[in-house]
Amino acid sequence: MDKFKVLIVDDSKTIHYEIENTIKNITVENIPIEIYHSYSYSDFTKIYNPGKYALVLTDLVMEEDNSGIKVINYIRNELSDEITRVALMTANPEKVPQDILIKDYQINAYIEKETMNEFSLKLTVLSLLRVYKDMIAFERAIKSIDHVIQNSNKMDLDELLMEAFFQIRSFLSLKMPNIEIHGKIYVDKNQIFPPKSVKYVNTTNSLKYTFEEEISGKNVKLILESSKQLSNIDKDYVRALLSNLKQSYFYSTLSSVENELVYRLANLIETRSEETGKHVERVSEISYILACEYGFAEKEAQLIKNASGLHDVGKVGIPDHILNKPAKLTDEEFSIMKEHTLIGFELLRNSHLKVFELGAAISLQHHERWDGNGYPYGLTKEEITPEARIVQVADVFEALTHDRCYRPAWPVEKAIEYMRDMKGKQFDPNLIEIFDRKLPDILDLFETLK
């Protein structure tokens, strides 16, 4: 990513000039922006392509009163582009159809031109571009995992190890912006990467980390040079990837590989949202307990357990000031927060791995409600997949009983009372009966995973 492409859609040349002058020198982690212009909805449809632009700033009223809504609909619904960030601007807030907009369209920021100033505009653009960068990095990490695992028994060992290195670099770059990562790979003491003909550039003030594994009877050594210190989780992630490549090199059934990587990807999102590091693990374990009692076979329950950890991956697309706001969200902020269900689905849905496929469905539906008053689609009862219904129960009870940035943990008794009160409303009645039966096991689990 050498530049962030920003498209301004507005029928006023003055607005184009003002916005461009305000944001043209913005950089995000040393990546500059490049500004493009469109002056009407019809003009916009001629130049817009999914994946081309990081951010679209669109006016509401242009050739028609709802031209901006049509721009958003074109991006999100006609082209199914959930990655590009969209900000809606207007000088006529009374013309914004708020109920329709919040329910049916996905915007990432709302700007009233009358109150727009240089600081607020820059802050909005910076926030959305950082989120876009994280989403792209996460999407690439998912695709890289998918590619490595799907092709591991087709590649030779050298190719597999190089693919693994690029996956590791994507993962660490997502977690630590501006990190410099270089690496060397040796197989039986012979350097296979980078090729000896390529000049190796040492990372500035680098820290060196060495990892070794026996794969197919050969000694594999990976040396990483990093400009930033790696945490124990980071190092554990690298070890897990190398360890599981040993299995994936021989076997086409790769559940253990998927499990390790999914868990670490899920924890990456939780650390960004400032939630407890055990949230993913607790939700996964509760989901497993409920799934077994619900009637799923062991193998299926294990898959639900692993996929449940991905329920909030879409939070990678939510700006930090909303994700970690230490107070109740406004209606506008909550409408943006709700988009994480769609973002997660979009990031995971094209994977060939079962755990990501199920994770996509869970991400999309884990905020739907039994009574039809959930989001994003207002599904009801059996329209919601049982896996998503299970994860919802696990997620809500875990969240209520543990601290969040916007409230302290509820007493366990109060949380249990809430779960029972929501039987047949928010939750599947059958699952709340199961929840009651398995409550001692769930509370024991909380003690174990404090």
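Here are some friendly notes on this predicted model, taken point by point.

1. **Ground rules.** Residues are numbered from 1 along each chain as its sequence is written, and side-chain values use heavy atoms, with hydrogens and water left out. Since this is a predicted model, local features need pLDDT of at least 70 and side-chain atom pairs count only at pLDDT 80 or more, while totals for chains, interfaces and linings use all residues.

2. **Overall make-up.** The protein chain holds 18 helices and 10 strands; these are DSSP runs numbered from the N terminus, H or I of at least four residues for helices and E of at least two for strands. Of its 450 residues, 54% are buried (under 20% relative accessible area; exposed is over 50%, partly exposed in between; 1.4 Å probe, protein chains only). Among contacts between residues at least 6 apart in sequence, 66% join residues at least 24 apart, a contact being heavy atoms within 4.5 Å.

3. **The six-stranded sheet.** This open sheet runs in the order β2-β3-β1-β4-β5-β6, with mixed pairing (two strands pair if DSSP finds at least two bridges between them). Its edge strands, β2 (27-28) and β6 (109-112), each pair on one side only. Within the sheet, β1 (residues 4-9) and β4 (residues 55-59) are parallel, with four bridges, and L7 has V56 of β4 as its bridge partner.

4. **Helices α1 and α3.** Helix α1 (residues 13-23) lies across β1, β3 (31-38), β4 and β5 (85-90), at about 175° to β3. Axes here are lines fitted to C-alpha atoms, for helices over the stretch in contact, with angles from 0 to 180 degrees between N-to-C directions. Helix α3 (residues 67-78) is mostly covered, with nine of its 12 residues buried; among them are I69, V71, N73 and R76. After α3 comes S80, with a positive phi near 55°.

5. **The four-stranded sheet.** A second open sheet, antiparallel, has the order β8-β7-β10-β9. Its edges are β8 and β9 (207-215), each pairing on one side only. Neighbouring strands of this sheet are turned by 25° against each other on average, direction ignored.

6. **Strand β7.** How enclosed is β7 (residues 181-187) by the rest of the structure? Five of its seven residues are buried, so the strand is largely enclosed. β7 pairs antiparallel with β10 (residues 218-226) over seven bridges, where I181 stands opposite S226. β7 also pairs antiparallel with β8 (residues 190-193), over three bridges, and Y186 has Q191 of β8 as its bridge partner. The β7-β8 hairpin has two residues between the strands, and D188 there takes a positive phi near 50°.

7. **The largest pocket.** Its volume is about 1000 Å³, meaning the space filled by probe spheres set on grid points, which are joined across faces, edges and corners. A pocket is an open set of points on a 1 Å grid over the protein atoms alone, where a 1.4 Å probe fits, with protein on both sides within 12 Å along at least five of seven lines; lining residues have an atom within 4 Å of a point. Of the 33 lining residues, F334, M337, H367, Y375 and Y406 are the closest to the centre. Two or more lining residues come from each of α11 (320-323), α12 (331-337) and α15 (386-400), and α15 gives the most, with five.

8. The lining divides into 14 nonpolar, nine polar and 10 charged residues. Nonpolar covers Ala, Val, Leu, Ile, Met, Phe, Trp, Tyr, Cys and Pro; charged covers Asp, Glu, Lys and Arg; the others, Gly among them, count as polar.
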